[in-house]
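Welcome! Please take a moment to look over the sequence and the structure, and then read on for a short tour.

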Amino acid sequence: MRRIVSCLSLLLALATTGHAAQGTSNKEPLKVKSDTLNTDNEKKTATFEGKVVARQGDMTLYTDRLVVSYGGPNNEVSQVEAFGNVRIVQEERQATGAHGVYDPKLARIVLDGNPKVVSGEDVVTGKIITYYVNEQKSVVTSGPKERVEAVIHPGGKNVGAKP
(Lines give C-alpha, C1' and ligand atoms only; values in the text may rest on other atoms or scores of the structure.)
Protein backbone atom coordinates (compact mmCIF):
# COMPACT_ATOMS: atom_id res chain seq x y z
CA MET A 1 0.00 0.00 0.00
CA ARG A 2 2.90 2.32 0.78
CA ARG A 3 4.15 1.88 -2.76
CA ILE A 4 0.75 2.82 -4.17
CA VAL A 5 0.80 6.00 -2.13
CA SER A 6 4.32 6.66 -3.39
CA CYS A 7 3.16 6.07 -6.92
CA LEU A 8 0.27 8.47 -6.53
CA SER A 9 2.46 11.14 -5.01
CA LEU A 10 3.49 11.99 -8.52
CA LEU A 11 0.19 13.74 -8.83
CA LEU A 12 1.71 16.36 -6.58
CA ALA A 13 3.15 17.85 -9.70
CA LEU A 14 -0.08 19.67 -10.33
CA ALA A 15 -0.08 20.86 -6.75
CA THR A 16 3.48 22.05 -7.07
CA THR A 17 2.54 23.94 -10.18
CA GLY A 18 -0.26 25.66 -8.32
CA HIS A 19 1.83 26.46 -5.26
CA ALA A 20 4.64 27.76 -7.40
CA ALA A 21 2.30 30.15 -9.10
CA GLN A 22 1.41 31.41 -5.63
CA GLY A 23 5.06 31.59 -4.64
CA THR A 24 4.42 29.74 -1.40
CA SER A 25 5.85 26.30 -1.74
CA ASN A 26 8.64 25.45 -4.08
CA LYS A 27 11.52 27.87 -4.50
CA GLU A 28 12.33 26.50 -7.92
CA PRO A 29 11.22 28.72 -10.77
CA LEU A 30 8.23 27.55 -12.79
CA LYS A 31 9.00 27.58 -16.50
CA VAL A 32 6.12 27.23 -18.93
CA LYS A 33 6.50 26.87 -22.69
CA SER A 34 3.59 26.78 -25.13
CA ASP A 35 2.62 27.86 -28.62
CA THR A 36 0.35 30.60 -27.27
CA LEU A 37 -0.53 32.36 -24.03
CA ASN A 38 -3.84 34.19 -23.66
CA THR A 39 -4.63 36.15 -20.54
CA ASP A 40 -8.05 37.46 -19.65
CA ASN A 41 -8.03 39.90 -16.73
CA GLU A 42 -11.83 40.07 -16.68
CA LYS A 43 -12.21 36.29 -16.34
CA LYS A 44 -8.96 36.12 -14.35
CA THR A 45 -7.45 33.31 -16.38
CA ALA A 46 -4.19 32.59 -18.13
CA THR A 47 -4.42 29.95 -20.86
CA PHE A 48 -1.36 28.24 -22.31
CA GLU A 49 -2.10 26.28 -25.49
CA GLY A 50 -0.18 24.04 -27.85
CA LYS A 51 2.45 21.59 -26.66
CA VAL A 52 2.45 23.02 -23.14
CA VAL A 53 5.45 22.06 -21.03
CA ALA A 54 5.56 23.28 -17.42
CA ARG A 55 8.75 22.49 -15.51
CA GLN A 56 9.55 23.05 -11.87
CA GLY A 57 12.47 21.34 -10.25
CA ASP A 58 12.50 17.70 -11.27
CA MET A 59 8.82 17.63 -12.24
CA THR A 60 7.46 18.27 -15.71
CA LEU A 61 3.84 18.58 -16.82
CA TYR A 62 2.96 18.08 -20.48
CA THR A 63 -0.50 18.86 -21.83
CA ASP A 64 -2.32 20.33 -24.81
CA ARG A 65 -3.83 23.19 -22.82
CA LEU A 66 -3.25 24.57 -19.32
CA VAL A 67 -5.69 27.04 -17.76
CA VAL A 68 -4.68 28.86 -14.59
CA SER A 69 -7.53 30.65 -12.80
CA TYR A 70 -6.85 33.24 -10.16
CA GLY A 71 -8.76 35.67 -8.01
CA GLY A 72 -9.15 37.28 -4.64
CA PRO A 73 -7.41 40.39 -3.36
CA ASN A 74 -3.92 38.96 -4.00
CA ASN A 75 -4.74 37.25 -7.31
CA GLU A 76 -4.05 33.87 -5.79
CA VAL A 77 -4.31 30.77 -7.94
CA SER A 78 -7.77 29.27 -7.46
CA GLN A 79 -7.49 26.38 -9.91
CA VAL A 80 -5.05 24.82 -12.37
CA GLU A 81 -6.66 22.70 -15.07
CA ALA A 82 -4.89 20.64 -17.74
CA PHE A 83 -6.75 19.49 -20.86
CA GLY A 84 -5.66 16.81 -23.31
CA ASN A 85 -2.74 14.41 -23.20
CA VAL A 86 -1.91 15.22 -19.59
CA ARG A 87 1.40 13.66 -18.58
CA ILE A 88 3.25 14.40 -15.37
CA VAL A 89 6.78 13.09 -15.04
CA GLN A 90 9.04 13.00 -11.99
CA GLU A 91 12.11 10.80 -12.16
CA GLU A 92 10.83 7.31 -13.01
CA ARG A 93 7.24 8.06 -11.99
CA GLN A 94 4.61 9.16 -14.46
CA ALA A 95 0.90 10.03 -14.27
CA THR A 96 -1.26 10.29 -17.37
CA GLY A 97 -4.87 11.15 -18.18
CA ALA A 98 -7.02 13.19 -20.50
CA HIS A 99 -7.77 15.83 -17.89
CA GLY A 100 -6.43 17.00 -14.55
CA VAL A 101 -7.58 19.60 -12.02
CA TYR A 102 -5.73 20.98 -9.03
CA ASP A 103 -7.80 22.88 -6.45
CA PRO A 104 -5.41 24.59 -4.01
CA LYS A 105 -8.23 25.53 -1.60
CA LEU A 106 -9.19 21.88 -1.17
CA ALA A 107 -5.59 20.70 -1.67
CA ARG A 108 -6.98 18.12 -4.06
CA ILE A 109 -5.88 16.82 -7.45
CA VAL A 110 -8.34 14.97 -9.67
CA LEU A 111 -7.11 13.10 -12.73
CA ASP A 112 -9.65 11.55 -15.13
CA GLY A 113 -9.94 10.34 -18.72
CA ASN A 114 -8.23 6.94 -18.41
CA PRO A 115 -5.95 8.02 -15.56
CA LYS A 116 -2.91 5.92 -14.90
CA VAL A 117 -0.03 6.28 -12.47
CA VAL A 118 3.14 4.31 -13.13
CA SER A 119 6.12 4.00 -10.79
CA GLY A 120 8.78 1.64 -12.05
CA GLU A 121 6.88 -1.49 -12.98
CA ASP A 122 3.95 -0.71 -10.65
CA VAL A 123 0.72 0.61 -12.20
CA VAL A 124 -2.56 1.97 -10.78
CA THR A 125 -5.58 2.69 -13.02
CA GLY A 126 -9.25 3.51 -12.53
CA LYS A 127 -11.94 5.89 -13.73
CA ILE A 128 -10.90 8.77 -11.48
CA ILE A 129 -7.79 9.18 -9.36
CA THR A 130 -8.12 11.77 -6.57
CA TYR A 131 -5.13 12.75 -4.47
CA TYR A 132 -5.55 14.69 -1.24
CA VAL A 133 -2.31 16.64 -0.92
CA ASN A 134 -2.40 17.55 2.78
CA GLU A 135 -3.76 14.24 3.93
CA GLN A 136 -1.31 12.09 1.98
CA LYS A 137 -4.18 9.89 0.87
CA SER A 138 -5.72 9.02 -2.43
CA VAL A 139 -8.90 7.48 -3.77
CA VAL A 140 -9.13 5.56 -7.02
CA THR A 141 -12.68 4.93 -8.19
CA SER A 142 -14.08 2.61 -10.82
CA GLY A 143 -16.69 3.31 -13.46
CA PRO A 144 -19.46 1.27 -15.06
CA LYS A 145 -17.06 -0.23 -17.60
CA GLU A 146 -13.74 -0.20 -15.81
CA ARG A 147 -12.59 -1.39 -12.44
CA VAL A 148 -9.76 -0.15 -10.27
CA GLU A 149 -6.62 -2.07 -11.08
CA ALA A 150 -3.24 -2.09 -9.35
CA VAL A 151 -0.27 -4.09 -10.52
CA ILE A 152 2.44 -4.22 -7.88
CA HIS A 153 5.71 -6.06 -8.30
CA PRO A 154 7.03 -7.30 -4.94
CA GLY A 155 10.73 -6.69 -4.53
CA GLY A 156 10.82 -3.96 -7.15
CA LYS A 157 12.96 -0.85 -7.04
CA ASN A 158 10.47 0.97 -4.85
CA VAL A 159 10.46 -1.42 -1.91
CA GLY A 160 10.97 0.57 1.25
CA ALA A 161 10.83 3.88 -0.59
CA LYS A 162 9.17 6.69 1.26
CA PRO A 163 5.96 8.00 -0.28
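## The nonpolar core

A nonpolar core is a set of buried Ala, Val, Leu, Ile, Met, Phe, Trp, Tyr and Cys residues joined through side-chain atoms within 4.5 Å. Keep in mind that this is a predicted model. Its largest nonpolar core has 20 residues, and Leu61, Leu66, Val86 and Val133 are those with the most contacts inside it. Two or more residues each come from β3 (45-56), β4 (59-71), β5 (76-90), β6 (93-103), β7 (108-112) and β10 (128-132). Strand β5 gives the largest share of this core, five residues. In soluble globular proteins, nonpolar side chains tend to be buried together.

Which residues is Leu66 in contact with, leaving aside its neighbours within four places in sequence? They are Ala46, Thr47, Phe48, Val52, Leu61, Val80, Glu81 and Ala82.

## An exposed lysine

Now look at the loop between β2 (36-40) and β3, where you will find Lys43. Lys43 counts as exposed because its relative accessibility is 63%, and the cut-off for exposed is over 50%. Lys43 and Ser69 are 26 residues apart in sequence, while their C-alpha atoms are 8.1 Å apart in space.

## A buried aspartate

Next comes strand β9 (residues 122-125), which includes Asp122. Is Asp122 buried or exposed? Its relative accessibility is 7%, so Asp122 counts as buried, the cut-off being under 20%.

The side chain of Asp122 also has a polar atom 2.8 Å from the backbone nitrogen of His153.

Terms used. Residues numbered from 1 in each chain as written. Predicted model: local features only at pLDDT ≥ 70, side-chain atom pairs only at ≥ 80, totals over all residues. Heavy atoms only, no water. Helix = DSSP H or I, 4+ residues; strand = E, 2+ residues; numbered from the N terminus. Buried < 20%, exposed > 50% of the residue type's maximum accessible area, 1.4 Å probe, protein only. Polar contact = N/O pair within 3.5 Å; in protein donor to acceptor, adjacent residues only side chain to side chain. Contact = heavy atoms within 4.5 Å.
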